[in-house]
Amino acid sequence: MTELVVGFGSSRGVRAAAVWSALRSAVADLSEIIAFGTIDRRRDEPGLRSVIGAHGAPLHCYPAAELDAVDVPHPSDDVRGYVGTRSVAEAAALLAARDLGGGSLIVPKRRGEQVTVAVAALTPLVISSACTACGGCLRTCPQHALRPAPQRPMIVAARCTSCGECVEICPTDAITLRTEPGSPRTT
Ligand code: SF4
Ligand code: SF4
């Protein structure tokens with residue numbers, strides 16, 4: 001099953017109905033959501049809390065400075081003027097996905113009534129700090145789903161078929177699949 005992380009940005013006083021509407025416009029199957037993210041100043045916003053509490057997935061909150069450091073597709077200087085970061089929804093989705101092992105945006109920021117929503121999908125595998133950057137998995141992957149990166153390979157989630165070959169080749173057991181080898185992916 002695809003595992004999704006939803007980022008929310010909102011104004012004060014946003015209604016729960018507006019949050020539900022934005023959420024349903026971005027995610028077809030709400031059972032795929034495993035976490036939410038937002039800025040820490042909206043941690044107790046009643047409309048957000050109502051929806052997130054009813055869903056049941058945990059909420060990850062981040063300070064404005066941490067959100068502002070995330071490279072997002074739709075940064076806004078206007079938003080930074082209000083809350084101190086150029087992005088809330090996209091950046092919170094990416095940070096929460098990072099904290100759960102890594103992911104990439106599949107639904108960029110969408111605006112609703114006093115609310116924005118963005119969605120990230122978790123990557124199909126996790127590469128831990130045990131990686132020594134030997135490059136073996138990059139050479140092995142039949143889908144070219146792994147790319148060189150400074151500390152450990154970067155995963156191109158859309159290419160990975162969860163075949164498990166990189167897991168087998170890794171000399172330090174740094175790679176873990178989220179799903180059984182060969183499981184089909186829906187994103
Ligand atoms: S699981 Fe298979 S397709 Fe995915 S990164 Fe590893 S080798 Fe490549
Ligand atoms: S094979 Fe393992 S140790 Fe080598 S680069 Fe890939 S993840 Fe890192």
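# A guided look at a predicted model

Guide: Let's start with ligand 1, which is surrounded by Leu-125, Cys-141, Pro-142, Gln-143, Ala-145, Leu-146, Cys-160, Thr-161, Ser-162, Cys-163, Gly-164 and Cys-166. Keep in mind that this is a predicted model.

Visitor: What makes a residue part of the surroundings of ligand 1?

Guide: One of its heavy atoms has to lie within 4 Å of the ligand, so Ser-162 and the others I named pass that test.

Visitor: How do the residues around ligand 1 divide into nonpolar, polar and charged?

Guide: Eight are nonpolar, four are polar and none is charged.

Visitor: Why is Ser-162 called buried?

Guide: Buried means under 20% relative accessible area. Ser-162 has 0%, so it is buried. You'll find Ser-162 in the loop between S8 and helix H7 (165-169). Its C-alpha is 8.6 Å from that of Arg-178, and the two are 16 residues apart along the chain.

Visitor: And which residues come nearest to ligand 2?

Guide: Those are Cys-131, Cys-134, Gly-135, Cys-137 and Cys-170, out of 13 residues around ligand 2. That shell has nine nonpolar residues, four polar ones and no charged ones.

Visitor: What makes Ala-133 partly exposed?

Guide: Its relative accessible area is 47%. Buried needs under 20% and exposed needs over 50%, so with 47% Ala-133 falls in between. Ala-133 sits in the loop between strand S6 (125-127) and helix H6 (136-140).

Visitor: Why point out the phi of Ala-133?

Guide: Most residues other than glycine have a negative phi. Ala-133 has a positive phi, near 60°. His-144, in the loop between H6 and strand S7 (146-147), also has a positive one, near 50°.

Visitor: Why is His-144 called exposed?

Guide: The cut-off is over 50%, and His-144 has 52% relative accessibility, so it counts as exposed. Ala-69 passes too: its relative accessible area is 65%, so it is exposed. Ala-69 belongs to the loop between H3 and helix H4 (77-83).

Visitor: How do you know that helix H5 is mostly covered?

Guide: Nine of its 11 residues, over the stretch 89-99, are buried. Among them are Glu-90, Leu-94 and Leu-95. The cover over these buried residues includes strand S1 (4-10), S2, S3, helix H3 (64-68), strand S4 (103-111) and strand S5 (115-122). Just after H5, Gly-101 takes a positive phi of about 120°.

Visitor: How do you know that strands S2 and S3 pair?

Guide: Pairing takes at least two bridges. Strand S2 (residues 33-39) and strand S3 (residues 59-62) have four, so they pair, and they do so in the parallel sense. Phe-36 stands opposite Leu-59 in S3. The chain gets from S2 to S3 through H2, in a right-handed β-α-β crossover.

Visitor: What is the confidence in this prediction?

Guide: The average pLDDT is 91, and 95% of the residues score at least 70. Among the elements, helix H2 (residues 46-55) has the highest mean, 98, while strand S8 (residues 154-155) has the lowest, 83. Over residues 182-187 the pLDDT is below 50, and beyond near neighbours in sequence this stretch has 15 contacts in the model.

Technical notes
Residues numbered from 1 in each chain as written. Chains lettered and ligands numbered in written order. Predicted model: local features only at pLDDT ≥ 70, side-chain atom pairs only at ≥ 80, totals over all residues. Heavy atoms only, no water. Nonpolar A, V, L, I, M, F, W, Y, C, P; charged D, E, K, R; others polar. pLDDT = per-residue confidence, 0-100. Helix = DSSP H or I, 4+ residues; strand = E, 2+ residues; numbered from the N terminus. Contact = heavy atoms within 4.5 Å. Right-handed = clockwise from strand over helix to strand, strands pointing away. Buried < 20%, exposed > 50% of the residue type's maximum accessible area, 1.4 Å probe, protein only.
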